[in-house]
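Have the model open as you read.

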Amino acid sequence: MASTIQALPTEVVYLITAGEVIDSLASVVRELVENSLDAGATRIVVSLWPQQWRIRVADNGCGMDEDNLQQAALAHSTSKIRSSEDLWKINSLGFRGEALHSLTTLADLEILSRTSAANVGWRVVYGDGGEAVEFEATAIAPGTVVTVSNLFGNCAVRRQGLPTSAQQMRGVQLAIQQIALCHPHVTWQVWQNDRQWFTISPAASTGQLLPQILPQVRQGDLNEINLEIPNPQPSCTDAIHRVSTSHAALNLVVGLPDRCHRRRPDWVRVAINGRMVKSPELEQTILSAFHRTLPRDRYPICLLNLTISPDQINWNRNPAKSEIYLNEIGYWQEQITTAIDQALRISSANLKESVHTTRVSKLLKAAEAKGGYSVNPENPPEDNTTQLSLKAIAQLSNTYIVVEHPNGMWLVEQHIAHERVLYEQICDNWQLVPIEPAIILYQLSPAQVSQLQRIGLDIEPFGEQLWAIRTIPALLQQREDSADAILELSLGGDLQVAQVAVACRSAIRNGTPMNMPEMQTLLDQWQQTRNPRTCPHGRPIYLSLEEPALARFFRRNWVIGKSHGI
């Protein structure tokens, strides 16, 4: 059989970013695991002996024959690219042909491999420089086992400069978890010192896998969407050697802001074509899309995986391939913002009883425990419509709107629901209008005057310690307390803070009676907002009590006969 692994031409080697790719136990695991995934593995076992600086990665991938094994560790030998043009067609996780060769200079490297078509596997031990120094037939199941021993043994200084063993193990765990989130169909077993450390079971999607890695987040706290979007067309200068495919895929997993968020932006993750990358531009886009949906100093949970045409990506930015150059960055930012807006909307597709009853489930469980009954509520019928049919049926304490929908009922807090409606209207159409007579304010400080000018108000001296306000936000025009509102706006903050303040000041107050048409109008407007789950301050707008929870509470799922004491 002709060999498929070949040394790259010199001109291609020069086009590839040079650099040390092996700098820790985690980097070894990452490089070997990526090779396993490129080989089509669906089961990967990682074994580590950190005190011995030894790593073994076994997979059930396609394996290598004897010819490929002999060339696998030579410098810049790879089966994934052939020429400089191929650098714009990269669909694999690895492509440089550096990792295995680097390992032969830093450690002892042994590979056992067998293709599914072969009756026997092969064992190869590589010497410094990547040449095969031992080569023999061996019994092995189809797949590949790579063992790296005595890492950095020829460079003790390298070992001394690395983090502690515990820190390195944490790095390995993080690396595997990040890769697993990009490849949820793979089964992972990780062993440390011959004892099982952790496992990751396969899942149908990233959203279903995430609770294994972030246990405090439940499946129902998340919303996952998959969109097909067109690839941007290449510019004329790029079109010579790049041809985009017709569509890209966007997978988005978001933590719903009324249910989960973080103290740090540590779970804002971006993956491109199956690899987690650092992309400050896209990460900032995600954070901006969640602005005014979370409490102050809280950050979202958001995992983005873009599968796009390879010609849109230049992986040649960092030896670890953790940073990229992305063409048409503005286009992708727009698509991501639109996708997040869609994910945050309320629809029957992301309404699950087990989640929405979070804040009342403890009460229901307590009631059930006292009764000692075992109930099995039926699942509600699936409704694939994007909008729920919300019906106002009552007002409670002149504060909450009681809402009926196909899956149960909600309590909607009228003030903050209206605040969300007004805030988005203001952001979309911030309008200052002239007023006559002017609002006269007394004893404003220079900082207050400057603040009102900063947000665009027309303000001028009107006498000693007096100031005339001649334009105000349109929503405040008809309010009797507009002067108090202007004083609030003068106390600080940027334009967005001012917009929130105007929305809060203008929203229906709690304690205000509303008739049925008014409540229904508010519900219809609120459901159409981009971020209906929380107010601009991050407070949840509604409390949900779903039909299955009601069924549990009222014991409607008894077997007929037992409920009559028979």
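In this predicted model, the charged end of Arg269 sits over the ring of Trp267, at 3.9 Å from the ring centre.

**Trp53 and Phe152**
- The ring centres of Trp53 and Phe152 are 6.2 Å apart and their planes meet at 70°, over the 60° cut-off, so this pair is edge-to-face.
- The two partners come from distant parts of the chain, 99 residues apart.
- Trp53 belongs to the loop between strand 2 (43-49) and strand 3 (54-59), while Phe152 belongs to the loop between strand 8 (143-149) and helix 5 (156-160).
- Trp53 is buried, with a relative accessible area of 14%, and Phe152 is buried as well, at 0%.

- Trp410 and Trp526 form an edge-to-face pair, because their ring centres lie 5.9 Å apart with the planes at 75°.
- Trp410 is in strand 20 (residues 408-413) and Trp526 is in helix 16 (residues 516-527), so the pair ties together parts that are 116 residues apart in sequence.
- Trp410 counts as buried at 0% relative accessibility, and Trp526 is buried with a relative accessible area of 1%.
- Tyr542 joins them: ring pairs link Trp410, Trp526 and Tyr542 into a cluster.

Definitions and conventions: Residues are numbered from 1 along each chain as its sequence is written. This is a predicted model: local features need pLDDT of at least 70, side-chain atom pairs count only at pLDDT 80 or more; totals for chains, interfaces and linings use all residues. Side-chain values use heavy atoms; hydrogens and water are left out. Rings of Phe, Tyr and Trp (its six-membered ring) pair if their centres lie within 6.5 Å; planes under 30 degrees apart count as stacked, over 60 as edge-to-face and the rest as tilted. Helices (H or I, at least four residues) and strands (E, at least two) are DSSP runs, numbered from the N terminus. Buried means under 20% relative accessible area, exposed over 50%, partly exposed in between (1.4 Å probe, protein chains only). A charge sits over a ring if NZ of Lys or CZ of Arg is within 6 Å of the ring centre and within 35 degrees of the ring normal.
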